[in-house]
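Work through the exercises below with the model open. Each solution goes step by step.

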Amino acid sequence: MKKQILGCVTLVAACLISARAADWYAPQEPFPLYGNTYYVGTGGISAVLITSSAGHILVDVGGPAAAEQVVAHIRQLGFRVEDIRYILNSHAHQDHAGAIAVLQKLSGATVLASAASVKVLESGQPDPADAQFPNLTPMAPIAHTRAVRDGELVHLGPLVVTAHFTPGHTQGGISWTWQAEEGGRTVNVVFADSLYALAADGRLFSRNPLYPRAKADVERSIAIVAALPCDVLISAHPELGGLWERKAKQAALGDAAFIDTGACRNYAAKARVTLAQTLAAEAAPGK
């Protein structure tokens with residue numbers, strides 16, 4: 001049984017921590033999600049553009065080599081990178097934030113994140129308290145940042161995006177929500193941060209003296225995401241939220257293909273399974 005539990009955790013870790021950079025940068029054509037919301041990321045890491053006549057908001061960017069793709073995708077959709085006013089970050093790992101410095105420089109946008117993430121983004125240095133720290137890579141320092149509060153509303157013209165602190169995977173994780181309208185129907189869109197309880201070899205997620213509240217944080221964050229008003233889900237790693245299965249139906253159903261009111265609950269349920277596996281493995285004798 002011990003070997004089975006460790007095997008499950010190892011499998012998840014292999015998918016989420018040690019995923020090859022080539023998977024992060026898999027080519028992906030940009031596409032509309034719903035209303036003024038567009039997917040502009042790569043095949044392996046989500047990036048979402050929210051547009052308005054007052055300027056645009058970009059949520060996450062991807063790893064360093066994703067910058068060129070994201071810029072090309074935004075322009076391919078007919079929008080100007082220079083009109084991006086805010087770049088929002090889910091969590092300060094290289095695969096989600098490594099290209100922010102390039103996009104910030106091109107756009108002049110202000111980068112918004114939690115105070116814990118801002119510290120990492122400004123320095124470019126990984127958080128030593130992160131359970132994945134030995135596997136984390138430094139990234140280009142980011143200018144023009146601002147820390148947001150839990151529950152803060154980010155306003156840009158008609159756009160209103162809400163920050164929901166969802167720490168645990170990192171100390172500074174944020175999930176972001178907003179509304180999008182299309183054809184007279186308004187939906188709740190959720191960009192869900194990673195909720196997975198993972199640690200690098202040699203570290204324990206549940207007994208990390210540098211981040212002792214990690215377990216409590218991730219449990220609370222899972223509950224928060226499960227309870228969000230959620231019609232359209234985009235998770236930080238798109239495949240983990242079922243985005244590609246819904247995308248496959250878009251040709252037949254239009255943008256309504258992305259509506260799944262159970263998606264956030266399902267995403268949270270997967271995270272609970274990973275947490276249980278991690279805790280069981282770390283409770284094994286000798287751990």
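Helices, at least four residues long, are DSSP runs numbered from the N terminus. The model is predicted.

**Exercise 1.** Find helix H3 and state which of its residues are buried, what they pack against and what follows the helix.

Solution. 
- Step 1. H3 covers residues 67-76. Its buried residues are Ala 67, Gln 69, Val 70, Val 71, His 73 and Ile 74.
- Step 2. After H3 comes Gly 78. The phi of Gly 78 is positive, near 95 degrees.

**Exercise 2.** Describe how helices H7 and H10 run relative to each other, and what they bring to their contact.

Solution. 
- Step 1. Take H7 (residues 214-227) and H10 (residues 263-282). Their axes come within 8 Å and cross at roughly 160 degrees.
- Step 2. Angles over 145 degrees count as roughly antiparallel, so H7 is roughly antiparallel to H10.
- Step 3. The crossing is left-handed.
- Step 4. On the H7 side, the contact includes Val 218, Ile 222 and Ala 226. On the H10 side, it includes Tyr 267, Ala 271 and Leu 275.
- Step 5. The contact residues divide into 11 nonpolar, 4 charged and no polar.

**Exercise 3.** Which residues touch the most other members of the largest nonpolar core?

Solution. 
- Step 1. This core has 30 residues. Ile 57, Val 59, Trp 176 and Trp 178 touch the most other members.
- Step 2. Strand E10 (residues 174-182) gives the most to the core, with 4 residues.
- Step 3. Among the residues Ile 57 touches are Val 48, Tyr 86, Leu 156 and Val 161.

Methods
Residues are numbered from 1 along each chain as its sequence is written. This is a predicted model: local features need pLDDT of at least 70, side-chain atom pairs count only at pLDDT 80 or more; totals for chains, interfaces and linings use all residues. Side-chain values use heavy atoms; hydrogens and water are left out. Axes are lines fitted to C-alpha atoms, for helices over the stretch in contact, and angles run from 0 to 180 degrees between N-to-C directions. Helices (H or I, at least four residues) and strands (E, at least two) are DSSP runs, numbered from the N terminus. Angles under 35 degrees count as roughly parallel, over 145 as roughly antiparallel, 65 to 115 as roughly perpendicular and the rest as oblique. A crossing is left-handed if the near helix is turned anticlockwise from the far one by less than a right angle, and right-handed if clockwise. Contact means heavy atoms within 4.5 Å. Ala, Val, Leu, Ile, Met, Phe, Trp, Tyr, Cys and Pro count as nonpolar, Asp, Glu, Lys and Arg as charged, and the others, Gly among them, as polar. Buried means under 20% relative accessible area, exposed over 50%, partly exposed in between (1.4 Å probe, protein chains only). A nonpolar core is a set of buried Ala, Val, Leu, Ile, Met, Phe, Trp, Tyr and Cys residues joined through side-chain atoms within 4.5 Å. Lists of a residue's contacts leave out its neighbours within four places in sequence.
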